[in-house]
Amino acid sequence: AGTESVATIPNASDVDWVLVELREAADAASATSPSMMDRKAGFLLSNGKVVDMDGTSNLQFNNSLTQQLYVVIWHRNHLGVMTSNTLTESGGIYTYNFTTGATQAYGSTDAHKQIGPGVWGMIGGDGNKDGEILTSDKSPLWDIQTGTHGYLESDYNLDTQTDNKDKDDIWAPNQGAGSQVLD
């Protein structure tokens, strides 16, 4: 439920944690927080895939569905994102690729952004985790942590440093964005 932990990071490709939330609803507009049926922490790999606590296996949930399945991904300093389409099962595995286009996230271009040619990703810059990227994510947060190194809320580009790249390349262009995940 987000309280998982490991003694060591199990895979060199693991770049961060995410919290994966399953929501069961008739449609995306009904996939509000009360429709959450489970959630679990997983590792985010450098290729964008989310894996289980061993660093390589598919994330495992044991739930039975009666409606449609939607997924929300929460990250420590990016806006949460929810699938716009229901997930489908193939061979016992549910997969979803947010990266392939604007319409993959609920809220379209307000929910995620193009981060490279033909590649879409989460919107960074929400260091205080309030669901909006505002001045409060820069001051005092970024201002205090600038020049430091480590696992920091203001390390918006995830390079283990808080510097002008985080502010200029991630926070500033995303200022004013807000999460489209339904409450």
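Threonine 160 is partly exposed, with a relative accessible area of 35%. That value falls between the 20% limit for buried and the 50% limit for exposed residues. The model is predicted. In this model, threonine 160 sits in the loop that runs between α1 and α2. Its phi is near 70 degrees, a positive value in a residue other than glycine. Most residues other than glycine have a negative phi, and most peptide bonds are trans.

Lysine 129 also has a positive phi, near 60 degrees, and is not a glycine. This lysine belongs to the loop between β9 and α1. Lysine 129 has a relative accessible area of 48%, so it counts as partly exposed. A cis peptide bond joins serine 139 to proline 140, with omega near 15 degrees. Proline 140 is part of helix α1.

Glycine 127 lies in the loop between β9 and α1 (138-145). Its relative accessibility is 2%, so glycine 127 counts as buried. The threshold for that class is under 20%. Beyond its neighbours within four places in sequence, glycine 127 is in contact with Arg76, Asn77, Asp137, Leu141, Glu153 and Tyr156. Leucine 182 is 55 residues away from glycine 127 in sequence. The C-alpha to C-alpha separation of glycine 127 and leucine 182 is 20 Å.

The sheet comes next. Strands of a sheet pair through backbone hydrogen bonds, either parallel or antiparallel. Here, five strands form an open sheet with antiparallel pairing, in the order β3-β2-β1-β4-β5. Its edge strands are β3 (50-51) and β5, each of which pairs on one side only. Strand β4 (residues 68-75) has six buried residues out of eight, so the rest of the structure largely encloses this strand.

Strand β4 has a partner on each side in the strand order. With β1 (residues 14-25), β4 pairs in the antiparallel sense over seven bridges. Within this pairing, glutamate 21 has valine 72 as its bridge partner in β4. Alanine 25 stands opposite glutamine 68, also in β4. With β5 (residues 78-82), β4 pairs in the antiparallel sense over three bridges. Valine 72 stands opposite methionine 82 in β5. Two residues separate β4 from β5, and the two strands form a hairpin.

Nonpolar packing was examined next. In soluble globular proteins, nonpolar side chains tend to be buried together. The largest nonpolar core of the model has 13 residues. Those with the most contacts inside this core are Val18, Val20, Val71, Ile73, Val81, Phe98 and Ala105. Strands β1 and β4 each supply at least two residues of the core. Valine 81 illustrates the contacts in this region. Leaving aside neighbours within four places in sequence, valine 81 is in contact with Val71, Val72, Ile73, Phe98, Ala105, Ala111, His112, Met122 and Val181.

The analysis then turned to empty space. Rolling a probe the size of a water molecule over the atoms shows where such space is left. The largest pocket holds about 1500 Å³ of space. Its lining has 50 residues, and Gly48, Lys49, Val50, Ile73 and Phe98 are the closest to its centre. Ile73 and Phe98 are also listed among the residues with the most contacts inside the largest nonpolar core. Eight elements each supply at least two lining residues, namely β1, β2 (36-45), β4, β5, β7 (93-95), β8 (113-116), β9 (119-121) and α2 (164-174).

The second largest pocket contains about 280 Å³ of space. Its lining is made of 17 residues, with Leu19, Trp74, His75, Arg76 and Lys129 nearest the centre. Strands β1, β4 and β5 each give two or more residues to this lining. Strand β1 gives the most, with four residues. By class, the lining of the second largest pocket has six nonpolar, five polar and six charged residues.

Key
Residues numbered from 1 in each chain as written. Predicted model: local features only at pLDDT ≥ 70, side-chain atom pairs only at ≥ 80, totals over all residues. Heavy atoms only, no water. Buried < 20%, exposed > 50% of the residue type's maximum accessible area, 1.4 Å probe, protein only. Pairing = 2+ DSSP bridges. Core = buried A, V, L, I, M, F, W, Y, C linked by side-chain atoms within 4.5 Å. Contact = heavy atoms within 4.5 Å. 1 Å grid on protein atoms, 1.4 Å probe; cavity = no way out; pocket = protein on both sides within 12 Å on 5 of 7 lines; lining within 4 Å. Points joined across faces, edges and corners; volume = space filled by probe spheres on them. Nonpolar A, V, L, I, M, F, W, Y, C, P; charged D, E, K, R; others polar.
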